[in-house]
Amino acid sequence: MKSYIPPQFTVERDDRRCNMCRICVEECSFGVHYYDEKRKTMRAREERCVGCHRCSTFCPTRALTIRTHPAEFRPNANWRPEFILDIKKQAETGGIVLTGMGCDKPYRIYWDHLVLNASQVTNPSIDPLREPMELRTYLGARPSRFELTEGNWPVGCGEMDGTHTLHGTDGVHRIGADDARETSGFDVSPDGASPAPPPVRVEVPILLAAMSFGAVSFQVHRALMQAAQEVGTLCNTGEGGWPAELRGFGRHVIVQCASGRFGVDADYLNEAAIVEIKIGQGAKPGIGGHLPGEKVTEAVAKTRMIPPGTDALSPAPQHDIYSIEDLATLIYALKEATNYEKPVAVKIAAVHNAAAIASGIVRAGADIVVLDGFRGGTGAAPKIIRDNVGIPIELALASADARLRAEGIRHKASIIASGGFRNSADVLKAIALGADAVYIGTASLIAMGCTLCQQCYTGKCAWGIAASDPKLAERLDPEVAARRVVNLINGWSLEMKEMLGGMGINAIESLRGNRLHLRGIGLEDWELEVLGVRGAGT
């Protein structure tokens with residue numbers, strides 16, 4: 001059957017620069033470039049080009065330029081080109097149109113309609129070069145208040161001197177100078193029902209999001225965990241298990257317990273810093289996961305504890321969770337399995353009733369609520385679901401934080417926001433809306449070389465990121481990739497300190513949930529109400 005799908009990109013080759021070295025042939029994993037023996041020239045199969053820019057980046061003479069193909073359909077407000085192309089694809093394949101990454105439809109991006117405050121006269125700004133700025137935060141349940149009843153608080157550096165008894169309204173904890181965990185954990189949970197794990201400290205409120213082994217390469221996992229260790233934050237394994245070779249990063253790793261239970265055993269749970277129950281994902285709310293058998297290599301199969309070459313299916317629901325009570329059972333089972341030493345998080349997709357679900361999650365005993373908006377990335381999702389199901393993280397975060405505060409249970413759990421964070425300003429705005437920290441996934445992959453060609457599900461990633469072919473995966477040097485991610489987080493951290501200083505704030509904790517530092521621009525009244533912010537100029 002002849003394909004009626006036109007090329008999406010055009011390959012421009014400057015013959016004056018091209019020396020026919022054929023590096024483009026080697027670098028392109030989609031078979032775009034080839035040498036025409038008859039004409040003695042380099043040519044391109046443009047219909048195969050996905051716009052990953054690997055060839056143009058590595059062309060030694062800069063002879064290649066990749067552009068969007070100029071061919072256009074007749075303009076039609078109803079039948080936009082994306083709909084026409086999807087119909088043509090389904091007419092030729094008879095299947096679901098798959099894609100990678102998060103929703104790219106032009107819905108409103110609320111971060112771009114929120115602006116931060118700045119100090120002027122009565123509340124002087126702070127120079128981050130001369131005064132300390134605190135980006136450290138803690139993830140987990142907290143008491144509603146502290147009371148010091150004996151001992152002395154130290155002066156200066158903040159280290160604890162002697163033994164103190166701290167009273168929270170929900171529990172008491174004795175902390176000494178040799179407390180190795182350096183946390184403010186409590187002996188009883190906020191509801192007094194059972195022991196609560198101590199919160200986990202992170203030096204920056206930026207965590208590396210869940211990406212499963214198999215969906216991304218081993219090299220990516222290693223790079224992310226190494227970067228998390230270097231900057232003092234956390235990296236999420238995703239639902240595909242945790243390779244044995246990377247268990248040494250345990251203090252900086254969050255492990256997932258998803259519906260497929262891939263790789264989950266006692267060691268997996270106890271060697272991590274946090275255990276996360278995955279209920280939903282922003283890019284595909286309400287459906288499960290599917291890693292095709294061709295991507296289940298020997299290494300992936302061993303880690304996931306399944307036979308090589310078989311499809312790895314994660315059911316849409318967790319079959320032991322059909323109510324908040326069922327969720328509570330799993331939460332406390334995981335706490336029992338980890339001797340109440342690991343906070344338990346629950347991840348859900350940002351959907352219409354996310355605030356009510358978040359309330360139920362906290363009441364079920366979770367220490368952390370993770371909200372994933374519809375711009376959150378994925379290795380593979382039905383395009384129709386990615387683009388039409390779920391809501392933006394900004395609205396879900398604001399409504400969930402407001403509800404937990406209104407119910408008086410906000411202190412019982414931290415909130416992690418996820419789904420399309422592009423820069424440090426987005427992070428600060430999320431914290432002002434109520435997040436304790438954020439996950440970044442796509443941004444970290446872009447730092448490694450990703451160009452968002454959205455072909456992750458093919459396993460042919462030319463950058464070695466979402467590659468299943470070991471030869472392609474080896475293109476990514478974990479040391480270089482880790483350095484690039486560390487540089488990204490360090491750069492964002494410096495920008496966050498600059499912005500906090502300009503706001504007259506010297507600690508990230510002082511910004512959390514403080515929406516008075518936000519103003520909306522170009523938003524409707526209902527949007528301002530949901531976000532809980534005022535319009536600019538008021």
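Q: How far apart are the end C-alpha atoms of helix α14 (residues 478-502)?
A: This is a predicted model. At 1.5 Å a residue, the 25 residues of α14 should span 36 Å. The separation in the model agrees with that expectation, the end C-alpha atoms being apart by 36 Å.

Q: Which elements do the buried residues of α14 pack against?
A: The buried residues of α14 include A481, V485, I489, W492 and M496. An α-helix has 3.6 residues a turn, so residues three or four places apart point the same way. The packing partners of the buried residues of α14 are β12 (206-208), α4 (218-231), α11 (424-433), β22 (437-440) and α12 (442-448).

Q: Which residue has a side-chain oxygen that reaches the backbone nitrogen of E479 at the start of α14?
A: The two atoms come to within 2.9 Å. The side-chain oxygen belongs to D477.

Q: Which element gives the most residues to the lining of the largest pocket?
A: The largest pocket holds about 1500 Å³ of space, and 43 residues line it. Elements that give two or more residues to this lining are α3 (81-93), β5 (98-99) and α9 (383-386). The greatest contribution, eight residues, comes from α3.

Q: How many charged residues line the largest cavity?
A: The largest cavity contains about 110 Å³ of space. Its lining comprises 16 residues, with K278, I279, I287, G288 and P315 closest to the centre. By class, six are nonpolar and seven are polar, while the charged residues number three.

Definitions and conventions. Residues numbered from 1 in each chain as written. Predicted model: local features only at pLDDT ≥ 70, side-chain atom pairs only at ≥ 80, totals over all residues. Heavy atoms only, no water. 1 Å grid on protein atoms, 1.4 Å probe; cavity = no way out; pocket = protein on both sides within 12 Å on 5 of 7 lines; lining within 4 Å. Points joined across faces, edges and corners; volume = space filled by probe spheres on them. Nonpolar A, V, L, I, M, F, W, Y, C, P; charged D, E, K, R; others polar. Helix = DSSP H or I, 4+ residues; strand = E, 2+ residues; numbered from the N terminus. Expected span 1.5 Å × (residues − 1). Buried < 20%, exposed > 50% of the residue type's maximum accessible area, 1.4 Å probe, protein only. Contact = heavy atoms within 4.5 Å. Polar contact = N/O pair within 3.5 Å; in protein donor to acceptor, adjacent residues only side chain to side chain.
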